Amino acid sequence: MPPKRVRTVEGSCWSCKQRRVKCDLQKPSCGKCVVAGTKCNYDRILIKWDARPSKGSPVGNQLCLYHNSLPGSGGYNLAINERRAIDYFRSRVWPLFSTSAQPCPAPIAMAMADRSVLLATCVMADSHRVLFDGRNSKENVHNKRLHCLTTVRKQLADAAGSKGMPLSTVLVAVLLMYFSDGFVECNQPSSSTLSHHAGARAIIDSLGGLPTIMSDGEMSMKMLLSEFATTSLTNTLLHGTAPSFPSHVWDMMDTNAVWWENTPSGMETFSSIFRKMSELALYQDLVSSGQQEFSIERIKEFEADLRPGYASISPIELTDREDLEDSKPLDPDMVPSSALLRAFQHSANLYLYRAVCGLPANHYVVQQHAQACLDCIMGMPPQSKALNCSLFPLLVAGAHAVIESSQQAILRKLDLVYGNLKFNAVKSIRSALEDLWKSPQQCGSWFDMFASLDPQALVL
């Protein structure tokens, strides 16, 4: 068979794509455009829309993806690369944001209605696929990222002038870029996780604050905001900054649109433990800045609030054997979720004793909580989604691991999580732990331990 004829190459200029000729990729003008006397443009991106649904796709996805009367669609057809990126984001990337087996729907309708959300979704999907199977060009991802940032800036300027898309839609695009840089691209020189964090906070403030958005926001936006608030809290605990949001916002989270799974009845909820961790971070910030005095009574209150708990079991009478046989079996997803909750409780105790109280890393109380935290994580099944969201407890407990066998087990667990997620943030955590174990910083203060962690990496 003769070789398949290649008419276009990846990264071709706009004119060569239109004329279906092979571009030589020369810049600023390719040779074909110079000979033809046409304008050479590498920045223009084709966005097509297609009203035809994919075979076998759910009805809800068909309406979101392919309906050509959506606001802003203009009747155009979605280009094949954008369509593939959207499908990949919905099926492969979006489920990684949650420990739930059935997370809330992805923000596909927003992507179809707004250009900045569409570009941000495609950027995250394409950058993740580079790590997942290497099928995308890093240069193309970088160009799309620049185009997305330009679009977001323009829409922010339009929103300031009371025209264009609402700020809430732009917020989704900024959040997606925040997670794309912090989870996937954190080790790239172009990553701007901290800048996206500041931008998202500014938009949230302009919209009336996190509680206002949570009260009437779209489900996928609420889910992204729950993850944004959590990563902002973990960054506060690791680096000693002031909390970004007041602690009461955790009581307003929609349980149907959060990244964590519900815990069994009788156990503390994730939102309550995050609220207590936020209060603890605020207390540490006030004490370290001299605005509040250190109090043993307050420390005892934190100890009581952060004590790891287990689900309460009510006694079963002998006469209830028949009811017991007909009862539902224990949900297997609940067990890793409960272990993850206890792991966060132990990591909060480590912060309390190390960052607030100043106990040394080799103190027996510190080591007890570190080992108990590792036991919770090591017992999770390899493919558990809860394991993928245990990076913060694993980093905190791993930083206090002094036995080589424990350190090797932690590295194996991180390699397993990286295989599940394909996030460069996992590699950043692994590198930071290896550097810490070889340096005297492991015997230093809490904040010295995490000074070598990539500041652009998000830890959840």
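This is a predicted model: local features need pLDDT of at least 70, side-chain atom pairs count only at pLDDT 80 or more; totals for chains, interfaces and linings use all residues.
Local features require pLDDT of at least 70 and side-chain atom pairs pLDDT 80 or more, whereas totals for chains, interfaces and linings use all residues. Residues are numbered from 1 along each chain, and side-chain values use heavy atoms, without hydrogens or water.

An unreviewed UniProt entry annotates residues 12–42 as "domain: Zn(2)-C6 fungal-type"; such annotations may be inferred rather than shown by experiment. The end C-alpha atoms of this span lie 7 Å apart. The span is 39% helix and 0% strand (DSSP runs; helices H or I of at least four residues, strands E of at least two).

The largest nonpolar core has 123 residues. A core joins buried Ala, Val, Leu, Ile, Met, Phe, Trp, Tyr and Cys residues through side-chain atoms within 4.5 Å; buried means under 20% relative accessible area with a 1.4 Å probe, protein chains only. Phe 89, Phe 179, Leu 225, Trp 259, Phe 274 and Met 277 have the most contacts inside this core. Domain 2 (80–207) and domain 3 (251–308 + 333–450) both contribute residues, so the core lies between them. These bounds come from an automatic or database domain assignment. A second, separate core of six residues includes Cys 13, Cys 16, Cys 23 and Cys 30.

Four cavities of 30 Å³ or more were found in the whole structure. In a cavity, a 1.4 Å probe fits on a 1 Å grid over the protein atoms alone but cannot get out; lining residues have an atom within 4 Å of a point. The largest cavity has a volume of about 80 Å³, the space filled by probe spheres set on the points, which are joined across faces, edges and corners. Its lining includes Phe 97, Glu 227, Asn 388 and Leu 460.

How values were computed. Buried means under 20% relative accessible area, exposed over 50%, partly exposed in between (1.4 Å probe, protein chains only). On a 1 Å grid over the protein atoms alone, a cavity is a set of points where a 1.4 Å probe fits but cannot get out, and a pocket is an open set with protein on both sides within 12 Å along at least five of seven lines; lining residues have an atom within 4 Å of a point.
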